[in-house]
Amino acid sequence: MAETLLELSGISKTYPGVRALDDVNLRVCRGEVLGLIGENGAGKSTLMRVLAGVIAPSAGVIRIGGTEHARMTVNEATLAGIAFVHQELNLFENLDVAANVFIGREKLAGGPLKLVDNAEMRARVTPLLERLGADFTPSTLVDNLSIAERQMVEIAKALSIDARVIIMDEPTSSLTISETERLLEVIADLKAHGISVIYISHRLGEIMSCADRVVVLRDGRTVGELARDELSHAAMIRLMIGRDLKALYTPPAHTPQPGGCDIAGVVTTAFPDRQIDLSVRRGEILGLAGLVGAGRTSLARAVFGIDPLLGGEIRIDNAPVGVASPRDAIRQGIYLVPEDRKKSGLVLELPIRENVTLASLLDYARMWLVNGSAERKIAKDQARRLSIKAPSIDIEAVTLSGGNQQKVVLGKWLSMQPRVMFFDEPTRGIDVGAKSEIYALMRSLADQGVAIVMISSDMEEVIGVSDRVAVMHEGSVSGVLERDQFSEYNVLRLAVGQALETMEAAAS
Amino acid sequence: MMKKELGLFLLLAVISAVTGAINPAFLSFVNLLNMANLIGLFGVFALGEGLVIITGGIDLSLGSMFALLGVVFIDLLTTYQVPWPFALLLVLMGGLALGGIQGFLITRLKMQPFIVTLCGLLIYRGAARYYTSDSTRGFGYGDEASTLSNIASGNVAGIPNTFIFLIILAVILGVLLHRSVYGRWLYAVGKNEEAARFSGIRTNLVIATAYVISGGLAGVSTVLFVFYTNSVSPSSFGNFYELYAIAAAVLGGCSLRGGEGSILGIVLGTALLQVLQNLVNILGIPNSLNFAVMGTVILIGVLADQQLQARRRRKAALAGLARTAPKSKENTRLQNASAHGAAALPTTTGDQA
């Protein structure tokens with residue numbers, strides 16, 4: 001076995017109430033490509049942040065070339081030769097390539113003014129770019145580069161600090177196929193020069209083609225390791241799942257009624273070359289699963305009129321509806337409980353009362369003057385119905401807990417007449433008690449004939465709450481599961497773009 | 001909400017009392033009426049500026065608008081002998097139109113309010129100077145608009161009409177801002193435009209309307225100022241007046257970040273500014289210090305207000321924590337966790353169930 005370059009042992013990271021990493025062990029050898037996989041929230045990014053010195057672990061040891069560290073600072077990580085190619089690229093678009101590569105370590109010219117020596121920096125970056133086969137110059141403005149080219153800049157930056165380990169977090173999520181192949185070639189070249197790469201990806205195909213070894217994380221723990229000759233999609237998926245899911249499911253009061261919302265051939269701005277077909281019936285909760293960035297939120301935003309629809313049609317009860325703006329959508333009874341409630345769901349500085357009536361204030365006004373008592377009444381009704389815990393409906397939403405804030409967002413929509421409701425990560429950051437209240441509310445809405453789409457990255461929630469699950473993969477629906485097909489394995493297969501196994505194959 | 005206005009009112013009262021004690025001329029009937037007139041003149045367009053500031057924007061073009069609309073107004077009455085009701089109507093519509101154009105540029109073409117209205121400031125001023133070849137326009141000896149002149153600069157039982165106009169407009173706008181659906185939308189848009197849009201509010205329309213109202217009030221102010229000075233010299237008429245309006249609005253509790261402020265506050269802010277100017281004269285402070293005094297008071301006023309607010313917020317936060325102690329603690333923890341873990345932790349909150 002090659003020489004061990006880097007070793008993490010017993011790394012734990014606890015946030016109050018959450019164990020993000022639990023006794024993780026990881027070893028990287030010189031010149032090896034280590035695949036790191038796991039579901040959304042398995043702890044991959046947290047682990048890499050520990051390695052890059054961005055966050056300190058609560059316990060454990062980081063061993064680099066024989067030296068032990070209880071924690072690292074960003075500078076120590078850099079000195080130790082660990083470089084990070086970020087998921088969201090961290091480049092300054094207003095500066096040129098050379099300036100980005102040397103950001104914070106600018107080469108200075110002599111003389112009393114210590115001016116930045118652009119010529120020197122550019123001269124040093126040129127060979128790095130040549131090595132990566134990049135066809136832009138060091139003086140190109142980053143703003144003019146494509147995502148793939150920007151990635152090359154990040155890698156050049158890593159090379160410029162003589163990195164020994166380069167961490168790539170979902171590097172191909174925005175790349176075309178040929179750009180991805182180019183990146184994989186670069187990785188092979190890095191490997192040939194003895195540089196190790198930690199490759200984090202949801203795309204198991206890429207992992208298969210470039211990884212020498214794969215480590216699987218689940219719920220913040222290392223649950224398995226696969227050598228190159230043990231790699232297969234099935235083996236990886238099997239390791240990624242494997243929790244016992246709690247039974248949350250409440251069946252609908254009656255079978256779903258005809259009608260509902262049909263999304264036919266819809267094209268969103270996030271994936272202009274993909275079409276989405278999806279239908280949700282009245283009275284059912286359709287779970288919408290998929291990996292982060294699969295296009296679920298973009299779909300909800302398009303249907304709600306926030307982003308333009310580039311194509312396709314939305315029908316409610318078989319009648320086409322136009323949704324050019326949120327106002328149109330709301331008129332049609334399409335409501336969205338957004339992912340980021342503090343940013344898009346609520347005006348935090350306004351009282352509960354004004355938030356509840358924000359979308360329907362004209363209904364409580366005569367000649368455009370607000371009827372205060374009618375408004376108070378509806379706000380109080382909603383606060384009671386949703387059991388919003390607050391001393392009064394006149395206190396600002398900012399003082400409420402996450403669960404109660406979410407209930408205020410719900411109150412805003414439930415004071416009107418919903419026909420189709422999108423819930424985008426409805427229980428993120430919400431405590432357990434409020435969660436089950438929100439599930440019960442969704443069920444009761446469905447039983448009243450509302451069609452419900454619940455976008456969720458929480459597998460327990462997807463499987464435990466939905467009547468059916470649609471899974472999205474890279475901008476389109478890769479499959480729909482009925483309840484008897486529900487399993488974490490099936491959802492995950494569809495989420496990474498694999499077809500479902502037939503029953504016989506699964507049984508064997 | 002009312003605390004701020006009360007504080008401002010007390011400040012106004014204290015300053016007036018102290019000035020009056022030092023020099024009783026300050027509280028003389030003549031001086032008070034003179035101040036009332038100036039408060040009326042400067043208050044009308046400060047109301048519009050306040051609305052714009054509540055959207056999170058700013059209108060720098062008001063002073064130049066006065067010059068452009070002013071020379072056009074006088075020309076309509078004198079050179080073209082247009083009956084005064086039409087001239088008045090045209091000037092008001094001119095103000096609304098300029099406001100509409102600015103609102104369109106800001107909301108539909110997504111330009112920054114500062115830039116749009118700064119260019120407005122330059123363009124209107126230039127247009128006014130070019131139109132008049134930089135010569136002062138005034139009324140001749142005829143009585144082109146004596147009726148309107150009496151309305152604009154007269155008084156009722158000694159109270160200047162300008163002040164009465166301010167009160168009437170303040171009441172109308174107060175109802176609009178504090179009681180109407182539009183006012184509610186304006187605050188919501190100013191505080192969190194995205195959440196307002198996600199609630200189906202046509203945020204562009206709401207914001208553009210504020211600029212239109214501001215332009216319309218600028219039209220009203222133009223007429224009042226024209227009859228106050230009886231002539232318009234296009235290069236100096238209304239210079240810096242937009243800054244008075246911004247100062248009054250900020251002093252009255254509007255935040256330049258948007259979403260905060262009240263009509264009463266803006267009126268009190270205008271009054272305080274005029275009182276300060278007046279006391280500089282009355283107390284024999286060198287006139288050249290006028291601006292410096294104003295600047296100092298605004299600086300101290302806004303600073304004091306911020307400190308008080310921060311203290312109030314800390315108290316409220318503590319009270320909130322005590323009220324929902326175990327729950328909310330749990331929750332902030334979870335939120336911290338997801339904030340740190342960001343993309344990595346979307347499901348962790350579910351895992352601990």
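Author: Gladly. Chain A has 18 helices and 22 strands. Please keep in mind that this is a predicted model.

Reader: How do you know that the radius of gyration of chain A agrees with a compact globule?

Author: We set one value against another. For 508 residues, a compact globule would have a radius of gyration near 23 Å, and chain A has 26 Å, which agrees. Along the principal axes, the C-alpha atoms of chain A fill a box of roughly 75 × 70 × 45 Å. Burial can be given too: 49% of the 508 residues of chain A count as buried. Among contacts in chain A with a separation of 6 or more, 68% come from residues 24 or more positions apart.

Reader: Which domains is chain A divided into?

Author: Chain A is divided into domain 1 (4-240), domain 2 (259-333 + 418-508) and domain 3 (345-416). The C-alpha centres of domain 2 of chain A and domain 3 of chain A lie 27 Å apart.

Reader: What makes up the contact between domain 2 of chain A and domain 3 of chain A?

Author: Here 10 residues of domain 2 of chain A are in contact with seven residues of domain 3 of chain A. On the domain 2 side of chain A, helix 15 (residues 432-447) gives the most, with three residues. That side of domain 2 of chain A, the one touching domain 3 of chain A, divides into eight nonpolar residues, one polar and one charged.

Reader: Let us turn to chain B. Why is helix 3 of chain B called largely enclosed?

Author: Of its 16 residues, 15 are buried, so helix 3 of chain B is largely enclosed by the rest of the structure. This helix covers residues 62-77 of chain B and reaches 22 Å from its first C-alpha to its last, close to the 22 Å expected at 1.5 Å a residue.

Reader: And why does B:Ile207 count as buried?

Author: The cut-off is 20 or more other C-beta atoms within 10 Å. B:Ile207 has 27 C-beta neighbours inside 10 Å, and therefore counts as buried. You will find B:Ile207 in helix 10 (residues 203-229) of chain B.

Reader: Which residues is B:Ile207 in contact with, leaving aside its neighbours within four places in sequence?

Author: They are B:Thr55, B:Gly57, B:Gly103, B:Ile106, B:Thr107 and B:Val189. As for B:Asn281, 74 residues from B:Ile207 along the chain, the C-alpha atoms of the two are separated by 39 Å.

Conventions
Residues are numbered from 1 along each chain as its sequence is written. Chains are lettered from A and ligands numbered from 1 in the order in which they are written. This is a predicted model: local features need pLDDT of at least 70, side-chain atom pairs count only at pLDDT 80 or more; totals for chains, interfaces and linings use all residues. Helices (H or I, at least four residues) and strands (E, at least two) are DSSP runs, numbered from the N terminus. The radius of gyration is taken over C-alpha atoms; the globule rule is 2.2 Å times the number of residues to the power 0.38. A residue is buried if 20 or more other C-beta atoms lie within 10 Å of its own, exposed if 12 or fewer, and partly exposed in between; C-beta atoms are placed from the backbone. Two residues are in contact if their C-beta atoms, placed from the backbone, lie within 7 Å. The expected span of a helix is 1.5 Å times one less than its number of residues. Domain bounds come from an automatic or database domain assignment. Ala, Val, Leu, Ile, Met, Phe, Trp, Tyr, Cys and Pro count as nonpolar, Asp, Glu, Lys and Arg as charged, and the others, Gly among them, as polar.
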